[in-house]
Amino acid sequence: MTGHEAVGTVASAAALPGSDDVSLLLPATLQVDLGRLPDVFGAVPRGVWAALFIVVGGVLAALLLGSLTTRLLVRLGVPEAIEGTAFERAAREFETSTVEVLGTLVRFFILGVTFLAVLSVANITVAASFWRRTVEFLPQLFFAIVILIVGVVVGDKIHLVVGERLTGVKLPQIGIFPRLAKFTVFYVAILVALSQLGVATLALVVLLAVYLFALVLLTAIALSDLLKSGAAGSYLLLNQPYSIGDEVAIGERRGIVQEVNLFVTHVENNGEEFIVPNSLVFAEGVVRIRN
Amino acid sequence: MSALSDLLGDVVSDVESVFLFSPSSSHYERFADADLDEQVVVVAPENDVDAETYVELPLEFDNIRDRIKFGVEGALERGFVEEGDVVTCSVRIFDGDPDGVVRVRVEEAMRSGIYDLFANSRADPSVIRDVFEVAIELGKKGQKGKPVGALFVVGDAGKVMNKSRPLSYNPFEKSHVHVGDPIVNVMLKEFSRLDGAFVISDSGKLVSAYRYLEPAAEGVDIPKGLGARHMAGAAITRDTNATAIVLSESDGLVRAFKSGQIILEIDPEEY
């Protein structure tokens, strides 16, 4: 979007809902002849000058902050980080990019604020309460859209990252985990965006709470043995009550320790290798055989 | 022009399989999608292209002959090819894209044991590779410029510890370091001035340094002229399921022993 277009659209937009004299005067001031500047300056009311300054300042700020946002995001490495996400690819198809979209959004937001400021300076009283509510609503809408975009991009990125982590596991059902992570992020983003707009989201929040509770509970149940072994294993690794080469007996299993890691202890005896969970080492105790 | 394509045609005609050495994914897909009658075998350090017939290449052999021999031996062990097959290999001789095509006949004499050393040892192949890399680097540079010897016993650490005794305090006591970490490789090089052997577990944990090995040495047959370090390394592999990797101080070669036999001898300068 070039500067001239922006000025044109805002000026005409500002003129549209206003009273008659404002809409007539604004285009006239834009085509001012420099030689007769003092006369025109005196002829035009002060409020219109202020409005004009705000328009020019607002458009400049919009362009500046828009490109600043884009540059900042590029400098932070956002384009590389979100490479390959669905949103980025969709943006590429329209020959733009996520960063550009966010920059444009910032531009439109500032232009909108400028437009409202012009209205208030020009003292337009038509539907005053409607405009007041618009002023309150606009930032919320802006943040809701930004949150939604960020949520979609982050969700896509998490999908990719989790998927990459699990590529080593050649199991068809494994595809559910990246998708689960992605839709959880989407859901939370939509929830935040909706509450930003003031929509009643209580039922959705309850649903989220139930879902997260189930997730935590199931994970805790599924991982309880691993957690126990991990806790015992960290003690075994730190204090080393027995180490590789010692002969030990853990319950029925007796042999030479071949390996101790966080979760299991390998004990080998004449070609039989017992892989004993560390939780069992704690539960049963260890006999060190000295000879 | 036809003479040129005949030249290539002679190399690739009537082959049973095509070996791609470290192919890029686009290079591999061109072969995979072409639906060739010949079997496509990928030989690479990592199976990046998800090939079905894949041979792991634990070391980037600089010598093309060694690299091809290793790939063919691996394919032979895994049953991708059999004796008498003729294969063609697409290899990278200089830097960049694959630039050579080589025709090889598979023979039983190609089983040198290198593949067996990596694939069928008790320790993880990556651990053996990491230890090899340390030994090769130590052989190239020595310790502070002087040639140095070293003995690494890899795998079956529990039994090895039971058949050895400490010469002094174990510097790796209560530490949890694994070979392959750059910092650990530096530690290993520094500690190589210590006498005795390094003991490394199946998963690559450094169990001990300063170890005096006490295996029964009778019946161990190693080439004459090798010293006590090699004898100790060979003997411990006969008594246990470990693999010994020995860097010789006198001739600078790296040798590997398994089951009391020498199975590999390489010159560090060639890698």
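First, the conventions. Residues are numbered from 1 along each chain as its sequence is written, and chains are lettered from A and ligands numbered from 1 in the order in which they are written. This is a predicted model, in which local features need pLDDT of at least 70 and side-chain atom pairs count only at pLDDT 80 or more, while totals for chains, interfaces and linings use all residues. The pLDDT is the predictor's confidence in each residue, from 0 to 100. For chain B its mean is 85, and 99% of the residues reach 70 or more. For the complex, the predictor gives an ipTM of 0.73 and a pTM of 0.65.

Let me turn to the sheet. Helices (H or I, at least four residues) and strands (E, at least two) are DSSP runs, numbered from the N terminus, and two strands pair if DSSP finds at least two bridges between them. In chain A, five strands form an open sheet in the order 4-3-2-1-5, with antiparallel pairing. Strand 4 (272-277) and strand 5 (287-289) of chain A stand at the edges with a single partner strand each, so one side of each is left without a neighbour in the sheet. From one strand to the next, the twist averages 40°; axes here are lines fitted to C-alpha atoms, for helices over the stretch in contact, and angles run from 0 to 180 degrees between N-to-C directions.

I shall now go through the pairs. Strand 1 (residues 247-250) of chain A pairs with strand 5 of chain A in the antiparallel sense over three bridges, and Ala249(A) has Val287(A) as its bridge partner. Strand 1 of chain A also pairs with strand 2 of chain A, antiparallel and over four bridges. These two strands form a hairpin with two residues between them, and Gly251(A) in the turn has a positive phi of about 60°.

Strand 2 of chain A is joined to strand 3 of chain A by four bridges, again antiparallel. Here Ile256(A) stands opposite Glu268(A), and the hairpin has three residues between the strands. Strand 3 (residues 264-269) of chain A then pairs with strand 4 of chain A over six bridges in the antiparallel sense, with Glu272(A) as the bridge partner of Asn269(A). Two residues lie between the strands of this hairpin, and Asn270(A) in the turn has a positive phi of about 45°.

Most residues other than glycine have a negative phi. Two further residues deserve mention here. Gln240(A), which is not a glycine, has a positive phi of about 45° and is placed in the loop between helix 10 (202-239) and strand 1 of chain A. In chain B, Asp14(B) has a positive phi near 55° and lies in the loop between helix 1 (2-12) and strand 1 (17-21).

How exposed are they? A residue is buried if 20 or more other C-beta atoms lie within 10 Å of its own, exposed if 12 or fewer, and partly exposed in between, with C-beta atoms placed from the backbone. Gln240(A) has 14 other C-beta atoms within 10 Å and is therefore partly exposed, whereas Asp14(B) has 9 and is exposed.

Next, chain B. This chain has eight helices and 12 strands, and 39% of its 271 residues count as buried. A nonpolar core is a set of buried Ala, Val, Leu, Ile, Met, Phe, Trp, Tyr and Cys residues joined through C-beta atoms within 7 Å. The largest such core has 79 residues, of which Val131(B), Ala135(B), Val153(B) and Ile200(B) touch the most other members. Its largest share, eight residues, comes from helix 5 (residues 125-141) of chain B. Apart from this core lies another of 15 residues, including Val55(A) and Leu102(A).

Finally, the contact between the chains. Two residues are in contact if their C-beta atoms, placed from the backbone, lie within 7 Å. Nine residues of chain A and 11 residues of chain B take part.
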